[in-house]
Amino acid sequence: MDTTDRIELAKQLSKHFHRGQKYGEHDYYTYHISGVVKTLELVAKEVTEDMIIVALLHDVLEDTTCGLGTLENIFNLNICNAVLILSNITTHDYSSYIEHVLGHGVARIVKYADSLFNHQECVKVGDMKRAEKYQRNLQQLYSKELFKC
């Protein structure tokens with residue numbers, strides 16, 4: 001399967017599993033998932049196919065009925081591991097979760113893009129308490145080796 005096909009398949013899976021979900025008043029996939037991918041493309045020094053696919057799927061295990069087996073049947077181990085790490089379904093301790101994310105390059109970059117997107121959205125709607133949480137994530141996840149600025 002070539003790059004375009006794998007990315008398109010990830011888009012279709014994400015759209016399917018997020019169908020009916022909302023991000024505020026917006027469609028979850030169209031607004032949040034696409035927004036995270038766009039943010040990733042703006043901030044990462046190098047954007048790989050795996051990063052785009054993980055960004056497309058980053059919430060599919062945590063927020064939908066999609067199981068890890070579905071992803072394992074389609075995508076490589078690096079993608080599946082990154083999505084699993086981002087899902088935060090193995091621990092309830094958020095600081096341990098972030099430490100785990102820091103240890104996986106692709107997951108780290110996607111989590112940074114996700115946190116930046118969420119931070120900007122919180123600021124837009126005036127939810128400064130949640131914006132602070134995302135600001136802390138950004139500070140922990142940042143690495144000048146990985147990001148443009």
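A search of the whole structure, a predicted model, finds 6 aromatic pairs; rings of Phe, Tyr and Trp (its six-membered ring) pair if their centres lie within 6.5 Å, with planes under 30 degrees apart counted as stacked, over 60 as edge-to-face and the rest as tilted. One of these is the tilted pair of Tyr 23 and Tyr 28, with 6.2 Å centre to centre and 55° between the planes. Residues are numbered from 1 along each chain as its sequence is written, and side-chain values use heavy atoms, without hydrogens and water. Local features need pLDDT of at least 70 and side-chain atom pairs count only at pLDDT 80 or more, whereas totals for chains, interfaces and linings use all residues.

**Aromatic residues**

- Tyr 23 and Tyr 28 are both buried, where buried means under 20% relative accessible area, exposed over 50% and partly exposed in between (1.4 Å probe, protein chains only).
- Ring pairs join Tyr 23, Tyr 28, Tyr 31 and Phe 117 in a cluster.
- The pair of Tyr 94 and Tyr 97 is tilted because the ring centres are 5.3 Å apart and the planes stand at 50°.
- Both Tyr 94 and Tyr 97 belong to helix 7 (residues 94-102), 3 residues apart, about one turn of the helix; helices (H or I, at least four residues) are DSSP runs, numbered from the N terminus.
- Tyr 94 is partly exposed, at a relative accessible area of 28%, whereas Tyr 97 is buried, at 3%.
- Lys 133 sits over the face of Tyr 94, 4.9 Å from the ring centre; the criterion is NZ of Lys or CZ of Arg within 6 Å of the ring centre and within 35 degrees of the ring normal.

- Helix 3 (residues 49-57) is largely enclosed by the rest of the structure, because 8 of its 9 residues are buried.
- Its buried residues include Asp 50, Met 51, Ile 52 and Leu 57.
- Helix 2 (residues 28-43) packs with helix 3 at an angle of about 155°, their axes 9 Å apart; axes are lines fitted to C-alpha atoms over the stretch in contact, and angles run from 0 to 180 degrees between N-to-C directions.
- The two helices are therefore roughly antiparallel, a term for angles over 145 degrees.

**Confidence**

- The protein chain has a mean pLDDT of 92, and 95% of its residues reach 70 or more; pLDDT is the predictor's confidence in each residue, from 0 to 100.
- Among the elements of the chain, helix 3 has the highest mean pLDDT (98) and helix 7 the lowest (88).

Technical notes
Angles under 35 degrees count as roughly parallel, over 145 as roughly antiparallel, 65 to 115 as roughly perpendicular and the rest as oblique.
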